[in-house]
Amino acid sequence: MPNEDNLPLDELMSLVTHNQTPVRKNYVEEPQAEYYSLFQQDVPFPAPENPKFTFIDLFAGIGGFRIAMQNQGGKCVYSSEWDEQAKKTYYENFGEVPFGDITKERIKSYIPDGFDVLCAGFPCQAFSLAGKKRGFEETRGTLFFDVAEILRRKQPKGIFLENVKGLKIHDKGRTFEVIKQTLDEVGYVIANDPKVVNAMNFGVPQHRERVYIIGIRKDIADKFGITKETIQNSYPIPTDSTKHFIDIREENVVSSKYYLSTTYQQTLIAHKKRHESKGNGFGYEIIPDNGVANAIVVGGMGRERNIVIDDRLTDFTPVTNIKGEINRDGWRRMTPREWARLQGFPDDFRIVVADASAYKQFGNSVAVPAIQATAKELLKLLKLN
């Protein structure tokens, strides 16, 4: 651990909530963020008392990986996330403030030795050098390099990485080949063709395809006779493809603020017509009660392609400043809680930020049930469950 007297405030708070001893001598009197309460213990998702394995949670977001791994009996011994609003949500649900920027050497230095699994939904940065060189050196300058570097140093037993499915075809597949070769160079066996997993096959009504990369440290793979083919055949089979939007819809009438104004409604209709006249498929989409949502993503498009019709509203008085009036056709956005359910977060997961941040956080998150089903198979290979 760094021997410094003037740690940044967020780093100090991360140390305390991770039960590590801060080395800073002079504590600040007033934390700069109101959510840093060092003694909060009443959280909905505490670590298991008798864990079966340990893991670290990189690019942690709001903790989708953590819920899935804790449900399998794991204890998180380190987390990292740079976004302050996401850290707030993470803290309110797990009682820990994640460390910050994982690209900083000092932040990496807090990662403990001896943990079992590295989990990371690493951002899909552009691999500008992909295809020009080969291997580990080629990933420098990307966030994947930080994951690879941690693997090289710490050598956990297993890895679980998540990314958009387009990663497999980026730069005509060369980027993905570099990633696979890099993982091989730092000591891990993965499938030749890591699978794309769709969340809608695991109990949530959202068409969300993501590539899952699971891997085993080479010496453990040799010990248990695990090959690339073994891992290829270890991805989970679908468990539940029956869920529809109505299964996750808000039980009560939602606020009128989620209903579209007539002006916005007409703008969306006109926008879609313009693209249809050009033969394009862009524009809003209405998800029926018996339908499956499109992938929820950050930005307005994630909401516009997941509009629903909900006729339960009776009070059409606006609660926010809108142009026009509230539409009478029942068109509304899904709520943040509905987005949470689309990602498989339990209803006791605390949403403690404004709607704009909540949409961003859930749009950036992983689908918990799909992660959990895949983690279960990885832990079987590692004999950790």
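Reader: How many of the 15 residues of α13 are buried?
Author: This is a predicted model, where local features need pLDDT of at least 70, side-chain atom pairs count only at pLDDT 80 or more, and totals for chains, interfaces and linings use all residues. Residues are numbered from 1 along each chain as its sequence is written, and side-chain values use heavy atoms, leaving out hydrogens and water. Buried means under 20% relative accessible area, exposed over 50% and partly exposed in between (1.4 Å probe, protein chains only). Helix α13 is mostly covered, and its buried residues number eleven.

Reader: What span should helix α13 have, and why?
Author: Helices are DSSP runs of H or I with at least four residues, numbered from the N terminus. The expected span is 1.5 Å times one less than the number of residues. Since α13 has 15 residues (368–382), and its end C-alpha atoms agree with the expectation, the span is 21 Å.

Reader: Which class does the pair of Phe45 and Phe349 belong to?
Author: Rings of Phe, Tyr and Trp (its six-membered ring) pair if their centres lie within 6.5 Å; planes under 30 degrees apart are stacked, over 60 edge-to-face, and the rest tilted. The whole structure has 14 such pairs. With the centres of Phe45 and Phe349 6.0 Å apart and their planes at 40 degrees, the pair is tilted.

Reader: And which class do Trp339 and Tyr359 fall into?
Author: Trp339 and Tyr359 are both buried. Their ring centres lie 4.9 Å apart with planes at 75 degrees, so the pair is edge-to-face.

Conventions:
Helices (H or I, at least four residues) and strands (E, at least two) are DSSP runs, numbered from the N terminus.
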